[in-house]
Amino acid sequence: MHTVYTIIDDIADNRRIDITQLDTLLKNDDCEADEYLFFKAREAANRVYKNKIYIRGLIEFTNHCKNNCYYCGIRRSNTCIQRYRLSKDEIISCADEGYRLGFRTFVLQGGEDLFYDDDKICDIVSAIKKNHDDCAVTLSIGEKSYESYKMYFDAGADRYLLRHETADKEHYGRLHPPKLSFENRIRCLYDLKEIGYQVGCGFMTGSPYQTTDTIYKDIKFICELEPHMMGIGPFIPHHDTPFAAESAGTAIITLRLIAVMRLLRPCMLIPATTALGTIDHGGREKGILAGANVVMPNLSPKDVRNKYTLYDNKIYAGSEAAEHIRLLKKKFEDIGYEIEISRGDYKDS
Ligand code: SAM
């Protein structure tokens, strides 16, 4: 009979996990064992990234979306939210302000908004790169063709975030309308890798119909894809979606999965997400202490921050706001970490 501690050592030493071990870790009710898991994950992160935290300036440039994901507050059928789009000049001003604050990576995220055709995206990416050639640009604008991804890459985009959402086809079909296909989502991730992006995938913890089995598939998929980045955050219901009455994911399961992924793939860039900070007041710091090494403060113009409502009560003020980076710096110093002013690229050893 394995104790939880033996399981944690086994995962850390051999960088693999089986479904029984995962099940035991997820159901564990021994807080000290959790602390040991987080300690081992921190050790693994520190070996690669030392005590440095990478920061990304998040520019949520449109909340228009052609998709209708059942979990997402900016889904097409939500007629209750006020929609917005940022102009090229507004996006560039956000990046300029971010540069002044010390950000060297800008993440352009949005719903799948066809207003921004490939030429517009390329134009925005190349303008930011022209102004700040020491910075990385990350795109997170959903599913596109190989050709579109290649155009953005050639225009200067360095990284692409596209959560796979779940690696179980049936589960995928319960989170998305039939129009969205699991195969296409996965195809996008492999295309992005082939083109040469630093690629990020990820999933929500506690999404409706998620099981240990689907989580195990997520872990196996991430180990096969070998992404450079991976985001895990709790599902949080939004009141104007079909999942309004579903329960939210929990901080503890999110933290355990961050730690497990750090042990399995020590070099991966793992954010302590806004969703984690939303369901747990000290969530971001706890994420770092469970092995995460990236944070993405909000750099969008202040008047649109409360409109990018993926879920209820999303935080965007205080240390979540890019202009308050000093607050964040202090919070991380208090737990023994330092924010690094750099592009914060993936390290492969
Ligand atoms: N449209 C792009 C895409 O599909 O990748 C990027 C924007 S999308 C809104 C960003 C991520 O937000 C999704 O991949 C999803 O995991 C997360 N998200 C959406 N609704 C959420 C919710 N209710 N709770 C937690 N995370 C959510």
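Which residues gather in a patch of negative charge on the surface? Keep that in mind as you go through the close-ups below, and remember that this is a predicted model.

**View 1. A patch of negative charge on the surface.** Here is the reply to the opening question: D29, D30, E32 and E35 are the residues that come together in this patch. Take E32 as your way in. You'll find E32 in helix α3, which covers residues 31-49. Is E32 buried or exposed? E32 has a relative accessible area of 60%, so it counts as exposed, since anything over 50% gets that label.

**View 2. F221, a buried residue in helix α9.** Helix α9 takes in residues 212-225, and F221 is part of it. F221 counts as buried because its relative accessibility is 8%, and the cut-off for buried is under 20%. So what is F221 in contact with, once you leave aside its neighbours within four places in sequence? The list is H164, A167, I186, L189, Y190 and C201. Pick out I186 from that group: F221 and I186 are 35 residues apart along the chain, yet their C-alpha atoms are separated by 9.7 Å.

**View 3. S207, a buried residue in a loop.** Look for S207 in the loop that runs between β6 (198-205) and α9. With a relative accessibility of 4%, S207 counts as buried. Which residues does S207 touch, again leaving aside its neighbours within four places in sequence? S207 is in contact with H171, L175 and F235.

**View 4. R15, a loop residue with a positive phi.** R15 sits in the loop between α1 (4-14) and α2 (19-27). Check out its backbone: phi is about 50°, a positive value, although R15 is not a glycine. Buried or exposed, then, for R15? R15 counts as exposed, because its relative accessibility is 52%.

**View 5. K50, with a positive phi in a residue other than glycine.** Where does K50 lie? Go to the loop between α3 and β1 (52-55), and there you have K50.

Key. Residues are numbered from 1 along each chain as its sequence is written. This is a predicted model: local features need pLDDT of at least 70, side-chain atom pairs count only at pLDDT 80 or more; totals for chains, interfaces and linings use all residues. Side-chain values use heavy atoms; hydrogens and water are left out. Patches are made of residues with over 30% relative accessible area and no salt bridge: like charges are joined within 9 Å, nonpolar side chains (Val, Leu, Ile, Met, Phe, Trp, Tyr) within 5 Å. Accessible areas come from the Shrake-Rupley method with a 1.4 Å probe; for residues, only the protein chains shown count as cover. A salt bridge is a side-chain nitrogen of Lys or Arg within 4 Å of a carboxyl oxygen of Asp or Glu. Lys and Arg count as positive and Asp and Glu as negative; His and the chain ends are not counted. The place of a charge is taken as NZ of Lys, CZ of Arg, CG of Asp or CD of Glu. Helices (H or I, at least four residues) and strands (E, at least two) are DSSP runs, numbered from the N terminus. Buried means under 20% relative accessible area, exposed over 50%, partly exposed in between (1.4 Å probe, protein chains only). Contact means heavy atoms within 4.5 Å.
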